[in-house]
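Hi,

Here is the structure I promised to pass on.

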Amino acid sequence: MSKLFAPYDLSGAALANRVVMAPMTRTRTPENIPGELTALYYAQRASAGLIVTEGLPVSEEGRGYLYTPGLYTDEQRRGWRTVTDAVHAKGGKIFAQLWHVGRMSHVSIQPGNIAPVSSGVVPATGTTVYAFTETGEPGPVAPSTPRALTTDDVRRVTQDFVNSARRAIEAGFDGIELMAANAFLFDQFLSSELNNRTDQYGGSIESRQRFLLETVDALAEAIGGAKVGVRLSPFGRLYDLQPFAGEEETWMRVASALNERTLAYVHLNYQPTISAAEVPAGFGAAFRGAYRGTLIAAGGFDRDLAEAELAKGDLDLIAFGASYIANPDLVERMRNGWPLAKSDPSTFYGVIGAKGYTDYPSFDPTDAATDPRADRNAA
């Protein structure tokens, strides 16, 4: 019997199935405010048990990419209300992913064109962000050298997350996901390679995880722990994030600390199906042993692998990312064994309008033979 399509109780929120639409940045909002197309995009995918939005910067400082809709102004809150209303009208559930990129930004999109912030002053090399080039045109540029947040600024950023979370609840979101993954700000504090601070937010594992845990606690106090999820990417190597001493112990300590708190879930993006060589053998089971709450995993899943992982009992929900771009009805396609449509990578980011965003149709069995984007070998 399928577990993937079985209902699930997420801290009191009734999910129709165990499929999660993973957060995916699409850089589709020139004014950084969600509009009708954003609402349509998410409503088309509302058959997922849970939708987690693209990363929403909690401040201008937290932005690292042009055209990403934030959640720090009342106008943005009103825009997101149209999205949540559209998703709820289709019977879906939706969490807002709250985001601060830290050093993964550029002076051209920072307030006053000042340096972005991080745990320290080490720049990210060999990678790019989407900002303004020297000619003033949007495009990929190297991240700027960051400045270290002061002790007081660390606490200010925590408050930025709290303010954004409150706006999220006012906007009708069912909860929020704290983006503590993918080499962004919280990862920069957890890494002993990047964090050489001498205040209470640097040094030992306990001190390096303090910023994350203080923010989790502040969010739980503001909106209730049952509405707070946390995304992590143990052993992640995105955006010049390098291995660091005590890495496995760091993640196990984080797992244990989160287990002591009442949360909606932890969402792992350690991608065991893609980069297993970078994840120590048995890490997933060990993390599950340390964190006993709802656990989501993302990274290269198809229907069969998702069913197999759920059957093991270590995971509760499975997140799907790229396959949702071209398949708004992904749940129905997987449930019925219908083929998946292929997406156009050239439209993943930065295209303004419906193309590659809301123009992918739901599956029609009578048209499958003539659908040029159908892949009958998928899922």
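Let me start with a question: is Asn 113 buried or exposed? Asn 113 is exposed, with a relative accessible area of 51% (buried means under 20% relative accessible area, exposed over 50%, partly exposed in between, with a 1.4 Å probe and protein chains only).

Before the rest, some housekeeping. This is a predicted model, in which local features need pLDDT of at least 70 and side-chain atom pairs count only at pLDDT 80 or more, while totals for chains, interfaces and linings use all residues. Residues are numbered from 1 along each chain as its sequence is written, and side-chain values use heavy atoms, with hydrogens and water left out.

On confidence: the mean pLDDT (the predictor's confidence in each residue, from 0 to 100) is 93, and 94% of the residues reach 70 or more. Where pLDDT is low, the predicted coordinates should not be read in detail.

Now the barrel. Eight strands close into it in the order 3-4-5-10-11-12-13-14, with parallel pairing. Helices (H or I, at least four residues) and strands (E, at least two) are DSSP runs, numbered from the N terminus, and two strands pair if DSSP finds at least two bridges between them. Strand 3 (residues 19–21) is joined to strand 14 (residues 317–320) by three bridges, and to strand 4 by two. Met 21 is a handy place to look: its bridge partner in strand 14 is Phe 320, and in strand 4 it stands opposite Ile 51. Ile 51 in turn has Ile 94 as its bridge partner in strand 5, where strands 4 and 5 pair over five bridges. Strand 4 (residues 50–57) is well covered, with eight of its eight residues buried.

What about the inside? Leaving aside neighbours within four places in sequence, Leu 258 touches Leu 213, Val 216, Val 230, Leu 232, Leu 263, Val 266 and Tyr 291.

Helix 8 (residues 283–290) is worth a click too. Phe 283, Phe 287, Arg 288 and Ala 290 are buried there. They sit on the same side of helix 8, because they cover an arc of only 165° around the axis (the arc is that of the directions from the helix axis to the C-beta atoms). The buried residues of this helix pack against strand 11 (228–232), helix 7 (247–259), strand 12 (265–268) and strand 13 (295–298).

Finally, back to the backbone. Most residues other than glycine have a negative phi. Asn 113, in the loop between strand 5 (94–99) and strand 6 (117–118), has a positive phi near 60°. Phe 235 also has a positive phi, of about 65°; its place is in the loop between strand 11 and helix 7, and Phe 235 is buried, with a relative accessible area of 6%.

Cheers

Methods
Contact means heavy atoms within 4.5 Å.
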